[in-house]
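Thanks, everyone. I have one structure to go through today, and I will keep to what can be read from the atoms.

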Amino acid sequence: MKYALLTSLVVLTGASGTLAQDRVYRCGNNEYTNDQTVAKTRNCKQIEGNVSVIAGTAVRSPAPSAPVATGSAAQKVDVNDQRARDSDARGVLEAELKRAEARRAELLAEYKDGKPDHQGIESRNHQKYLDRVAELKAAIARNESDIAGIRRELGRSPAPAPASAGAAPVATAAPASGAK
């Protein structure tokens, strides 16, 4: 039994010697070859030890759903379409601002200058009351920050177009001083 185990061990070590790699040369950063003539012509350096090469996965780019236009023509939008988009965006921002201001009014009414009414168990557990007051204060601060951000965005957006944006300007004559 001992001899069989020893014999198989000797055979395996001998076999591993035959599986050893030939000379491997490194050409550049990520290129390897075991062809000695190629290595000489490309001035490659021999590497000591074994080299493991693992094939990576190919990166697939998603197929474009529509042809992509290039140049300035692809980036141009009709003036009226852009005005409509700007107007819609401004309307959304103004509605957000109204909601945020209404929420601020609710929070301030509930906060009552840092002394809100006690609710439920808070009359017996003062820490819960203090926690709720701190949450209200933090909510008011977040709301103020939201309002400031919305106002900044409204300042950046173009001014609303007049009601007759697409129509030609109408000239009005001033009434004569004596005519009624």
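I will take the strands and the disulfide, then the salt bridges, then the nonpolar cores.

First, a caution: this is a predicted model.

Strand 1 covers residues 24-27, and strand 2 covers residues 31-33. The two pair in the antiparallel sense over three bridges. They form a hairpin with three residues between them. Glycine 28 sits in that turn, with a positive phi of about 80°. Across the pairing, cysteine 27 stands opposite glutamate 31 of strand 2.

Strand 1 also pairs with strand 3, again antiparallel and over three bridges. Here arginine 26 has lysine 45, in strand 3, as its bridge partner.

Now the disulfide. How many are there? The count comes to one disulfide. Cysteine 27 is joined to cysteine 44, with an S to S distance of 1.7 Å.

Most residues other than glycine have a negative phi. Asparagine 43 has a positive one, near 60°. Its relative accessibility is 66%, and the cut-off for exposed is over 50%, so asparagine 43 counts as exposed.

Arginine 42 is in this loop too. Arginine 42 forms a salt bridge with glutamate 31, and the closest N and O atoms are 2.3 Å apart. Glutamate 31 is in strand 2, so the pair ties together parts that are eleven residues apart in sequence. Both partners are partly exposed: arginine 42 has a relative accessible area of 44%, and glutamate 31 is at 36%.

That is one of the ten salt bridges found in the whole structure. Two others involve the loop between helix 4, residues 79-111, and helix 5, residues 126-156.

In that loop is lysine 112, which has a positive phi near 50°. Lysine 112 forms a salt bridge with aspartate 117, with 2.7 Å between the closest N and O atoms. Lysine 112 is partly exposed at 40% relative accessibility, and aspartate 117 is partly exposed at 48%.

The other pair is arginine 132 with glutamate 122, whose side chains meet in a salt bridge at 2.7 Å, N to O. Arginine 132 is in helix 5 and glutamate 122 in the loop between helix 4 and helix 5, ten residues apart. Where does this pair sit, buried or exposed? Arginine 132 and glutamate 122 are both buried. They also belong to a network of salt bridges that links Glu110, Glu122 and Arg132.

Last, the nonpolar cores. The largest has seven residues: Leu107, Tyr111, Tyr129, Val133, Leu136, Ala139 and Ile140. Helix 4 and helix 5 each supply at least two residues of this core. Which helix gives the largest share? Helix 5 does, with five residues. Apart from this core lies another, of six residues, including Leu93, Leu97, Ile147 and Ile150.

That is the end of my part.

Note on methods
Residues are numbered from 1 along each chain as its sequence is written. This is a predicted model: local features need pLDDT of at least 70, side-chain atom pairs count only at pLDDT 80 or more; totals for chains, interfaces and linings use all residues. Side-chain values use heavy atoms; hydrogens and water are left out. A disulfide is a pair of cysteine sulfur atoms within 2.5 Å. Helices (H or I, at least four residues) and strands (E, at least two) are DSSP runs, numbered from the N terminus. Buried means under 20% relative accessible area, exposed over 50%, partly exposed in between (1.4 Å probe, protein chains only). Two strands pair if DSSP finds at least two bridges between them. A nonpolar core is a set of buried Ala, Val, Leu, Ile, Met, Phe, Trp, Tyr and Cys residues joined through side-chain atoms within 4.5 Å. A salt bridge is a side-chain nitrogen of Lys or Arg within 4 Å of a carboxyl oxygen of Asp or Glu.
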